[in-house]
Amino acid sequence: MTAASIARLRIKLDDVEPAVVRRVEVPLTIRLDRLHLVLQAAMGWTNSHLYEIRARDVGWGRPDPHFGDGPLDASKARLIDMLEDVGTRSFKYLYDFGDGWEHSVRIERLTDAVPGVAYPCLIDAAGRCPPEDVGGPWGYHDCLGAVADPNHPEHAERLEWIGSNFDPNNSDVNALTQAVHNLAKKWSRRSASRKRA
């Protein structure tokens, strides 16, 4: 592994059917707070809740000064540090502690960066991310059941809330790709402006 290496990550949202899976490529040197933003963009979440990246018994997120036993500061750790320090090629990403969206993240491969490609980038997407605040995997399952059954007592209410055009199989890959690409552009502009300064 070198600092210029790229990691291809496979992200799977646990306990959800149909399956929600993404593949992204990120620099090994990406800070974990930025990795969180990449995961948000690639999945289709809105970054409205707390998160934690957990490898074995170590967690990174946004520390709370009122609780000393919370996660380590994600802005002070990089993916390569996590891999080397913890010695793992897979980790968990927990988003929204109330709903409990847990993602399994695995490093599929390490490779050299391709010249001219802006990283991070979305490689593949399957399945649509559930709506925010639906109640976690079990609430999402109940919501999809209510929407699919016109005789369900909550059918109309859930359909109005989730939208009649919501398709759990359609990942809207173009919007997700653009969201991840926007991060790459934003971060590359900042990097270029620091080099000029």
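Ala179 sits in helix 5, which covers residues 173-196. Keep in mind as you explore that this is a predicted model.

- Along the chain, Ala179 and Arg22 are 157 residues apart, yet in space their C-alpha atoms are 13 Å apart.

**Helix 3 against helix 4**

- Two packed helices are described by the angle between their axes and by the distance between those axes.
- Here, helix 3 (residues 136-148) packs with helix 4 (residues 155-162) at an angle of about 110 degrees, and the axes are 8 Å apart.
- Angles of 65 to 115 degrees count as roughly perpendicular, and that is why helix 3 is described as roughly perpendicular to helix 4.
- The crossing of these two helices is left-handed.
- On the helix 3 side, the contact is made by Gly139, Cys143, Leu144, Ala146 and Val147, while helix 4 brings His155, Arg158, Leu159, Trp161 and Ile162.

**A closer look at Trp161**

- Trp161 belongs to helix 4, and with a relative accessible area of 44% it is partly exposed.
- Beyond its neighbours within four places in sequence, Trp161 is in contact with Pro131, Glu132, Asp133, Val134 and Cys143.
- Pro131 lies 30 residues away from Trp161 along the chain, and their C-alpha atoms are separated by 9.4 Å.

- Helix 1 (residues 32-43) has 12 residues, which at 1.5 Å a residue should span 16 Å; the end C-alpha atoms are 16 Å apart, so the two values agree.
- Of those 12 residues, 11 are buried, so helix 1 is largely enclosed by the rest of the structure.
- Among the buried residues of helix 1 are Leu32, Leu35, Val38, Leu39 and Met43, and also Asp33 and Arg34.
- Just after helix 1 comes Gly44, with a positive phi of about 105 degrees.

**Val26, a buried strand residue**

- Val26 is part of strand 2 (residues 21-27), and at 0% relative accessibility it counts as buried.
- Leaving out residues up to four places away in sequence, Val26 touches Ser5, Ile6, Ala7, Leu9, Leu35, Val38, Leu79 and Pro120.
- Ala7 is 19 residues from Val26 along the chain, with 5.5 Å between their C-alpha atoms.

**Backbone features to look for**

- Most residues other than glycine have a negative phi, and most peptide bonds are trans.
- Glu17 and Pro18 are joined by a cis peptide bond, with omega about -5 degrees; Pro18 is in the loop between strand 1 (5-13) and strand 2.
- Another cis peptide bond runs from Tyr119 to Pro120, where omega is near 10 degrees.
- Pro120 is in the loop between strand 7 (101-112) and strand 8 (121-126), and Pro120 is also one of the residues that Val26 touches.
- Asp96 has a positive phi, near 65 degrees, and is placed in the loop between strand 6 (90-95) and strand 7.
- With a relative accessible area of 5%, Asp96 is buried.
- Asp133 has a positive phi as well, near 60 degrees; this residue is in the loop between strand 8 and helix 3, and it is one of the contacts of Trp161.

How values were computed:
Residues numbered from 1 in each chain as written. Predicted model: local features only at pLDDT ≥ 70, side-chain atom pairs only at ≥ 80, totals over all residues. Heavy atoms only, no water. Axes fitted to C-alpha atoms, helices over the stretch in contact; angles between N-to-C directions. Helix = DSSP H or I, 4+ residues; strand = E, 2+ residues; numbered from the N terminus. Parallel < 35°, antiparallel > 145°, perpendicular 65-115°, else oblique. Left-handed = near helix turned anticlockwise from the far one by under 90°. Contact = heavy atoms within 4.5 Å. Expected span 1.5 Å × (residues − 1). Buried < 20%, exposed > 50% of the residue type's maximum accessible area, 1.4 Å probe, protein only.
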